[in-house]
Amino acid sequence: MPESPTSSPTLRPAADWQRLLRVALLGTRQSPDELPAVPGFALPDPTPEHREKHALLTAGVLSTIRKAGYQPIVAAASLAAVAPPETQADLGPNGTQLLQQLLEGQYPELLPEFLSALADNQRRAPHQLLVLLLEHARSRPALHRAAAAVLGQRGAWLAAQNPAWQALLAASEQATEETAWETGTIGQRALYLEALRRREPAHARELLAAVLPQEPARHQAQLLATLQSQLSSDDTPLLEQYLTAKSKEVRQTVMPLLVRLPDAPLVEQLWQRAEPLVRLKTGLLSKKLLVELPATDWDKTWLLDGIEQKDGRFQGEKAAVLGQLLSLIPPRRWADHWHLTPAKILDRAADTEWAALLLTAWAEAAVLHQDATWAEALLEWFYEQPRKQLSTLPTAGLAQLLPPGRLTSVVLPLLNATPHLHPEVRWLPLLQLVPAPWPEHLTHRVVEVLRDTLSKPAELYRIQYAAGQLLEYMARVVPAAQYRLCAEPLQPLLQDVPYLHNSVVRLLNTLHFRQQLAEVLLE
Amino acid sequence: MTWTEEQARALITDPGTLKRGQELAAPAKWGNLGRTDSAAWGECKGSGSKPYQTGIDLTGPAFKCSCPSHAFPCKHGAALLLLLARQPQLLSTTTPPPWLTEWLDKRQQNQEKKVVRTQEPAAPTADPQATEAAAEAARQKREAQRQTRMQRGVQELETWLVDIMRAGLAATDQQPRSYWENQAARLVDNQLPGLATVVRELPTLRHQGADWPARMLARLGELYLLVRAFLRLPELAEDARQEVLQLVGVPLRKEDVQATQPAIPDEWRVLALTTTEEERLTVRRAWLQGRQTGRFALVVEFSFGGQAFVTPLLPDGSYAGELTFYPGLLPLRAIPGQLTFQGTSQGSSAPTGSCGPAQLLEEYAGALGRQPWFREWPALLTGGVPVPTAEGWMLRFPAGSGGPDATNGTSRENTTTAIRLLCDDLFGWELRAISGGEPLTIFGEWTGQGLRPLVGWNAVAERQTT
């Protein structure tokens, strides 16, 4: 091959390349144009197919020359945006690796809680995981706020530059953003109002009162619901205005708020209507509840007191009226009135023919008025023995009202009374309402029961579903520190629990993983 | 030594095994976990009544498992390795069980045998000279046939190229797949698989953007240069001849390369590892750099069906030992000899020997002058900031930065230079996340159109709390 040319004045790689490309596109047969030549690269003249070979050779040489002569793009200097220095420590190497596993989809249920724990411990995601974190959270709005809190300075700097990630940043600031109120979606506006309500309840109410008339009913309900924080008697006029709204959804939003106001006049009206219908009759030896339905049918005047014509929770029109009355009045009012404990009242109620109605309504009332005493009495009464007549009680809502530890002391006696697991066992649903963190003695007892039950292989297929659910719930609520407490009795069983093998493994692995997550916060 | 997650993952070649290993890499199913400095072991409960016995010889590393899987490592081995990386404290026993020691001993013996075998190469086996002469004659005959076929194949290719040029590139747009495939198949038949690969790539250029005619013309021209070079093979110098023969696809046996080429001893650092999947074949490209020589080396290895690669290379690992480079004008591809693992680079600090864009382009032009056909040039580039622009990711060099450029006379204070980054959007963001707007050191492959980044290091490594 001929030598490379030294710099030659006739070589114009860019222009020559364009000329050559034109010829090559059309083909040498159709294009009579002269071919460019690279000095030093020539074919002997009489070569057959000289023109084609010459074009090919020149293409190869010019292409190489153009690559070798690559010029960087020259641009005007722009202000270099540099990320501000970090103010928080990042995760250590083990934490980085665990976070990566979570972001890659292992134990997805643990990610939100770990991100919050990171933020609480003033730690941030390391730089090399920021893109993975932002991409993971991008399509999961529920994670936006938690992810935004661990981005650190670098992550916030990065996310601000990519339109796909800006929404995520907005999640952290959304609540303070005035524009969200002006132009945001209904969800964003409700969020804004909620935050404002916490800081300046009166101002929030004014904003709300100004916009409500123009809003469709569904939005009215959603926005009115924000009044539940910092609720005070100042809100009464606004709430009463919407008590008679055309939309049932709006009325049902306003009603519970109104009855929760201290010394609400509405509660007095309801009491006046309800008190004559449920009477305590004191006999010589016992006390009995006498229940009557309202004498007249429902008419529009009931609406002024917030009582609807129909209510899905209660069957029959008159029964629905009574049920609604009872579910709106604070339940402690009855205990005070009759000088009876909730437990005694419940026993009397169970003896009436309206037991289901009374208990459902009082349970709803206990949840509405956040009455822990009544909630505990209701749960104890309900789980004490099979209550066939009552299929539905808002047990989850009641359980939430109990102070931590109280629910455990309701469950444990039940558990000790029937210490084995089968799908109909009474304590099972209640146990799955005991929130995290489970106390050690509860975990200990439940694991004992599980071990005993799982050691009887003949029963396994029957309890497979129930036990699977329980194990899954335990993976969320048993503190990671109690891993050994679970692993020691359960691990030896793994070989012989065909139906539940994976559930047990998953519980142990999840607890172990959570234990590691807790450790890396201190790393 | 301690193992990192990334290193463990690099040894698990099959993505399915990695996924199943991840699920198993938790203590619940394991018993009798233990390790020494050179081995790790454990028993994993599977579906059978007896747990599987899993062991790793960390000096290899090599895997053993009593499960019936044919993959190495199997999911149990993968899980054990991940456990070792994630929670070494779980591997608490220190006395290896009998089944492990037995295996380790056997491995030891095998390795000694191998050494002995290689030490007595081709012991004269009292061959009658007659058969040797006959074999030599047969070999020469095969060689002559091969030469003829290759000559014919290259001439055919020249004619085909001339036809394309006569009819014009615009006409190739309508050609069916078979037009390209047939030509490639003929080249394979004529024992020119290297040229066949180039021909097969030609139709794919049409999908790479509106400027495909320019790309196609460049590729055809370069191919034609190779054709011309091949036709004048006897006139070329020895190293050029070697280069051209490898480019057209004459296979070179590893043993021959190692026998004829000098072995380069150094401490080699792994800069980048990339693996790609083609059906069941995994291809791993590893770029290495010698600490003393500063030389770059590309080690390409293949793994079929989840088997381990011949040379276990870890990201950021350092290896003492020899590499043998394939002969040619621009020796980059190399074959590893015995490499001894030296640990991994502390805190992943940037490797030394990086340069600015001006020096890179200078070296690249020089390399093209020696060998115009290579596709990518190793680039350890420093001083650039990754920036997203409307035209894609750019590596921008602030004015007055980048060492050699700044000293190069002409001060252009109000301008910056930039080169194109050839990477997907998310990788660009990852580089930017590491950079924080500050200049990075990037290792990648310079293609002549831009830099395909493979790894980035921030000048100020992020503080690692331990």
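Guide: Buried area is the accessible area, taken with a 1.4 Å probe, that two parts lose on being put together, summed over both. Keep that in mind for this predicted model.

Visitor: How much area do chain B and chain A bury between them?

Guide: The size of an interface is often given as the accessible area lost when the parts come together. Here chain B and chain A bury about 6,300 Å². Of that area, 59% lies on carbon and sulfur atoms.

Visitor: How many residues does each chain bring to the contact?

Guide: Chain B gives 71 residues and chain A gives 72 residues.

Visitor: What charged links cross the interface, and how many salt bridges are there?

Guide: The rule finds five salt bridges between chain B and chain A. One of them joins A:K67 to B:E222. Their closest N and O atoms are 3.6 Å apart, and the cut-off is 4 Å.

Visitor: Which element gives the largest share of the side of chain B that touches chain A?

Guide: Look at helix α9 of chain B, residues 212-231. That helix supplies eleven residues, the largest share. The whole side of chain B that touches chain A divides into 33 nonpolar, 19 polar and 19 charged residues.

Visitor: How many residue pairs are in polar contact between the chains?

Guide: The count is 22 residue pairs, with both residues at pLDDT 80 or more.

Visitor: Where in chain A is confidence lowest and highest among the helices named?

Guide: Where pLDDT is low, the predicted coordinates should not be read in detail. Chain A averages a pLDDT of 87, and 95% of its residues score at least 70. Confidence is lowest in helix α9 of chain A, residues 178-183, at a mean of 74. Confidence is highest in helix α5 of chain A, residues 130-138, at 95.

Visitor: Over which residues of chain A does pLDDT stay under 50?

Guide: Residues 1-8 of chain A. For that stretch the model has 14 contacts beyond four places in sequence.

Note on methods:
Residues numbered from 1 in each chain as written. Chains lettered and ligands numbered in written order. Predicted model: local features only at pLDDT ≥ 70, side-chain atom pairs only at ≥ 80, totals over all residues. Heavy atoms only, no water. Contact = heavy atoms within 4.5 Å. Salt bridge = Lys/Arg side-chain N within 4 Å of Asp/Glu carboxyl O. Polar contact = N/O pair within 3.5 Å; in protein donor to acceptor, adjacent residues only side chain to side chain. Helix = DSSP H or I, 4+ residues; strand = E, 2+ residues; numbered from the N terminus. Nonpolar A, V, L, I, M, F, W, Y, C, P; charged D, E, K, R; others polar. pLDDT = per-residue confidence, 0-100.
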